[in-house]
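Morning, everyone. Please have a look at the screen.

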Amino acid sequence: MKFDFAFALSILPELTRASFLALAIALVSSLLASVLGFLLELTRRTGPVADHAITFAIDSVRVTPLIVQLYFVFFVLPYWGIVLPALVVGIGCLTIHYSSYLAEVFKAGLDAIPRELLDAAKALGLRPWLTNLLIILPLVLRNSIPAMGNYFLSILKATPYLSLIAVNELLGTAFEFASDTFRYYEPFAILGAFFLGYSLLIAAAVRRVERYFMRSLGQMRR
Amino acid sequence: MSAGEIFLGIFAGVQVTLAVALYALLFAVPFALIFGILQYLSRGYARFAVTAAIEFWRSSSAIVLLFVFFYVLPFVGLPLGPYTVAAMVLGLNMGGYGSQVVRGALAALDRGQLEAARALGMSRFQALVTVELPQAFRQMLPTFINELVELIKLTALVSLITLADPTFRAKQIFQITYQPAVIYTCLLLIYFMLGYPIARVGKRLERRFAKASVVPK
């Protein structure tokens with residue numbers, strides 16, 4: 001079996017469309033998971049009850065496979081009369097699954113903030129939500145960006161799971177072409193190339209953001 | 001089917017989960033140790049080659065690797081059984097992550113340890129085996145235990161290549177009796193029972209080693 005360029009070219013537009021969908025799913029889920037993870041971590045710090053409840057919830061989500069969570073939401077919600085589009089289910093599951101990992105990342109980032117900064121904010125009379133927004137958030141982001149980047153890449157690599165609930169992303173589309181034509185080389189070579197390209201793109205973007213935060217907050221560290 | 005029957009029907013697949021995880025460890029542990037140490041020791045082109053091998057397994061999506069090795073390789077005349085594919089792909093995927101833990105733990109050691117060992121006349125190999133690795137192992141252990149949970153989660157993917165693990169059985173039972181709520185709750189519960197205790201052990205070790213590592217640097 002040889003690589004057929006004409007065939008590869010003919011399936012390229014459809015696979016490109018699918019790859020954009022995968023990238024969009026990854027970006028939206030990364031953003032939502034970051035926000036949810038940060039909120040979970042902030043809530044966890046409000047008291048011992050919230051701490052235990054949220055830690056247990058986070059651990060439960062972390063130890064169960066994403067594919068099982070997808071099946072659960074996709075098959076059980078309609079049984080209860082709630083019908084959501086597969087895309088919404090997919091993004092929702094990715095968001096919840098990875099927010100449990102990101103909450104732990106933010107926990108480490110928050111623990112690394114020197115107490116004096118928070119005391120200073122209090123002494124200046126900043127309201128709690130302003131302290132969160134102006135002092136804590138930028139510092140946590142600076143501490144957490146490398147680890148966040150790793151999870152963003154994990155989210156991109158998890159988008160093929162959504163093919164299992166009939167979202168037409170890269171893996172699903174590639175498999176459709178393969179089983180229609182019995183040509184496996186071309187769809188999967190293109191799929192690999194797209195994943196490699198997007199991974200490098202996200203990694204480069206994360207490094208840039210990391211450098212930006214280091215520079216803009218660098219003078220504070222003395 | 002009653003809820004109890006459903007639970008037991010799904011639970012019967014746990015032996016497949018454990019078998020796949022065990023076989024995968026046979027790939028993962030040697031790969032993580034050998035490639036992690038090689039990446040730590042090598043320089044230049046050799047390091048590039050080692051890094052490329054690690055990144056191939058680590059950076060690819062496990063589900064894509066499974067599909068490619070199970071459905072595509074037979075077309076090139078290399079048919080592998082589902083257990084072989086599952087153990088190899090999941091094992092080397094986890095091994096890729098593990099190698100970074102090994103390398104990170106070795107790199108995080110105080111350089112004085114190595115220098116002192118060398119000053120005492122140890123060879124590079126002796127220093128690695130008797131001084132660096134024992135200390136690095138303490139660092140690695142909690143992370144490795146957490147990776148074990150990740151491996152158990154990954155085994156749910158083998159349901160896609162015809163192995164009758166709990167996820168596969170849940171789907172089968174779902175097709176016979178349309179009771180998604182009970183079936184998928186049982187399935188989540190089974191993975192929770194497998195993973196949660198291990199995660200707790202990992203957390204406890206993490207805390208203990210964090211306290212123990214107050215050696216001045």
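Start with chain A. Chain A has eight helices and zero strands. Helices here are DSSP runs of H or I with at least four residues, strands are runs of E with at least two, and both are numbered from the N terminus. So along the sequence, chain A reads α-α-α-α-α-α-α-α.

Some ground rules. Residues are numbered from 1 along each chain as its sequence is written, while chains are lettered from A and ligands numbered from 1 in the order in which they are written. The model is predicted, and local features need pLDDT of at least 70, side-chain atom pairs count only at pLDDT 80 or more, and totals for chains, interfaces and linings use all residues.

How does the model score? Its ipTM is 0.86 and its pTM is 0.88. Then there is pLDDT, the predictor's confidence in each residue, from 0 to 100. Chain B averages 90. In chain B, 97% of the residues score at least 70. Among the elements of chain B, helix H2, residues 14–41, has the highest mean pLDDT, 95. Helix H4 of chain B, residues 62–72, has the lowest, 87.

Back to chain A and its dimensions. Its C-alpha atoms fill a box of roughly 70 × 45 × 25 Å, taken along the principal axes. Of its 222 residues, 36% are buried. Buried means 20 or more other C-beta atoms within 10 Å of the residue's own; 12 or fewer is exposed, and in between is partly exposed, with C-beta atoms placed from the backbone. Now the contacts in chain A with a separation of 6 or more: residues 24 or more positions apart account for 79% of them. A contact means two C-beta atoms, placed from the backbone, within 7 Å.

Next, a helix pair in chain A. The axes of H1, residues 5–44, and H6, residues 128–158, come within 10 Å and cross at roughly 135°. Axes are lines fitted to C-alpha atoms, for helices over the stretch in contact, and angles run from 0 to 180 degrees between N-to-C directions. That angle makes H1(A) oblique to H6(A). The classes are these: under 35 degrees is roughly parallel, over 145 roughly antiparallel, 65 to 115 roughly perpendicular, and the rest oblique.

Who meets whom? On the H1(A) side, the residues include Ala26(A), Ser29(A), Ser30(A) and Ala33(A). On the H6(A) side, they include Met148(A), Phe152(A) and Ile155(A). The residues of this contact of H1(A) with H6(A) divide into seven nonpolar, four polar and no charged. For the classes, Ala, Val, Leu, Ile, Met, Phe, Trp, Tyr, Cys and Pro count as nonpolar, Asp, Glu, Lys and Arg as charged, and the others, Gly among them, as polar.

Now H5 of chain A, residues 115–123. How many of its nine residues are buried? The count is zero, so H5(A) is hardly covered. Just after H5(A), Gly125(A) takes a positive phi of about 80°.

On to chain B. Its secondary structure comes to nine helices and zero strands. Its C-alpha atoms fill a box of roughly 70 × 45 × 20 Å along the principal axes. Buried residues make up 35% of its 217 residues. Of its contacts with a separation of 6 or more, 78% join residues 24 or more positions apart.

Chain B has a helix pair to show too. H6(B), residues 111–119, and H7(B), residues 124–154, pack at about 155°, with their axes 10 Å apart. That makes H6(B) roughly antiparallel to H7(B). Gln113(B), Leu114(B), Ala117(B) and Arg118(B) in H6(B) meet Ala127(B), Val131(B), Glu132(B) and Gln135(B) in H7(B).

One loop residue. Leu80(B) lies between H4 and H5 of chain B. With 16 C-beta neighbours inside 10 Å, Leu80(B) counts as partly exposed. Leaving out residues up to four places away in sequence, Leu80(B) touches Phe69(B), Leu73(B) and Val85(B).

Last, where the chains meet. Chain A gives 23 residues to the contact, and chain B gives 23. On the side of chain A, H2, H3 and H8 each supply at least two residues. The largest share of that side, seven residues, comes from H3(A). That side of chain A divides into 17 nonpolar, three polar and three charged residues.
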